[in-house]
Amino acid sequence: MAVTTTRRASGPTSRRRWASLTRESLVFVQVVASFGLLGTNLNFIFGKMRDRVGAGWTGLLATALGFGGYFIMSASTKKADAWSLTVGLFLVGLGNGGCFLAALSTSIAVSPTGSGLPVSAVATAMGLCIAITVYIQTT
């Protein structure tokens, strides 16, 4: 059985699609994205949690928050509820930030020097994941 794949249109077609959006739609997208970034930048919550219960439980809670956020966003796409999308993306950002903090603190803890290559490897891997995701979504 052959598997077929479809590619999203990129280039002029995708530019026309963005150009057809109204100003209100673009503001809505920016507000929702801002709440996602706000959630990502609230890592101090997970920093305190990591100090009290460890990186494993912190990563588990952050993963559950990210999963819950993705679930809320997927359930709200049919009716395009603004608050559900905003809360969902905030939880996804919070979960991603917490998972990154847990992974980074673990790489520092297992490193013999406490920094350097393990820390940069985790940060590089996160950057590569974002770049690959953007590439997949735009092609």
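Mentor: Before we count anything, helices are DSSP runs of H or I with at least four residues, strands are DSSP runs of E with at least two, and both are numbered from the N terminus. This is a predicted model, in which local features need pLDDT of at least 70 and side-chain atom pairs count only at pLDDT 80 or more, while totals for chains, interfaces and linings use all residues. Residues are numbered from 1 along each chain as its sequence is written, and side-chain values use heavy atoms, with hydrogens and water left out.

Trainee: What share of the residues in the protein chain is buried?

Mentor: A residue is called buried under 20% relative accessible area, exposed over 50% and partly exposed in between, using a 1.4 Å probe and protein chains only. Of the 139 residues in the protein chain, the buried share is 22%.

Trainee: Is Gly 93 buried or exposed?

Mentor: Gly 93 is found in helix α5, and, leaving aside neighbours within four places in sequence, Gly 93 has contacts (heavy atoms within 4.5 Å) with Gly 36, Gly 39 and Thr 40. Its relative accessible area is 4%, so Gly 93 is buried.

Trainee: Which residues does Ser 84 contact beyond its neighbours within four places in sequence?

Mentor: Ser 84 also lies in helix α5, and because its relative accessibility is 19%, Ser 84 counts as buried. Once the neighbours within four places are set aside, the contacts of Ser 84 are Ile 72 and Ser 76.

Trainee: How far apart in space are Leu 101 and Phe 46, C-alpha to C-alpha?

Mentor: Leu 101 has its place in helix α5 and counts as partly exposed, at 22% relative accessibility. Beyond its neighbours within four places in sequence, Leu 101 is in contact with Asn 43, Phe 46, Gly 47 and Arg 50. Although Leu 101 and Phe 46 are 55 residues apart in sequence, their C-alpha to C-alpha separation in space is 7.3 Å.

Trainee: Why are α3 and α4 described by one particular word for their orientation, and what is that word?

Mentor: The axes of helix α3 (residues 44-53) and helix α4 (residues 55-76) come within 7 Å and cross at roughly 140°. Among the residues making this contact are Phe 46 and Met 49 of α3 and Trp 57 and Leu 61 of α4. Angles under 35 degrees count as roughly parallel, over 145 as roughly antiparallel, 65 to 115 as roughly perpendicular, and the rest as oblique. The orientation of α3 and α4 is therefore oblique.

Trainee: Which helix gives the largest share of the lining of the largest pocket?

Mentor: The largest pocket holds about 690 Å³ of space and is lined by 20 residues, with Thr 40, Tyr 70, Val 92, Asn 96 and Ile 130 nearest its centre. The elements that give two or more residues to this lining are α2 (23-40), α5 (82-110) and α6 (117-138). The largest share, eight residues, comes from α5.

Trainee: How many nonpolar residues does the lining of the largest pocket have?

Mentor: Ala, Val, Leu, Ile, Met, Phe, Trp, Tyr, Cys and Pro count as nonpolar, Asp, Glu, Lys and Arg as charged, and the others, Gly among them, as polar. The lining of the largest pocket has no charged residues and seven polar ones, while its nonpolar residues number 13.

Technical notes: On a 1 Å grid over the protein atoms alone, a cavity is a set of points where a 1.4 Å probe fits but cannot get out, and a pocket is an open set with protein on both sides within 12 Å along at least five of seven lines; lining residues have an atom within 4 Å of a point. Grid points are joined across faces, edges and corners, and a volume is the space filled by probe spheres set on the points. Axes are lines fitted to C-alpha atoms, for helices over the stretch in contact, and angles run from 0 to 180 degrees between N-to-C directions.
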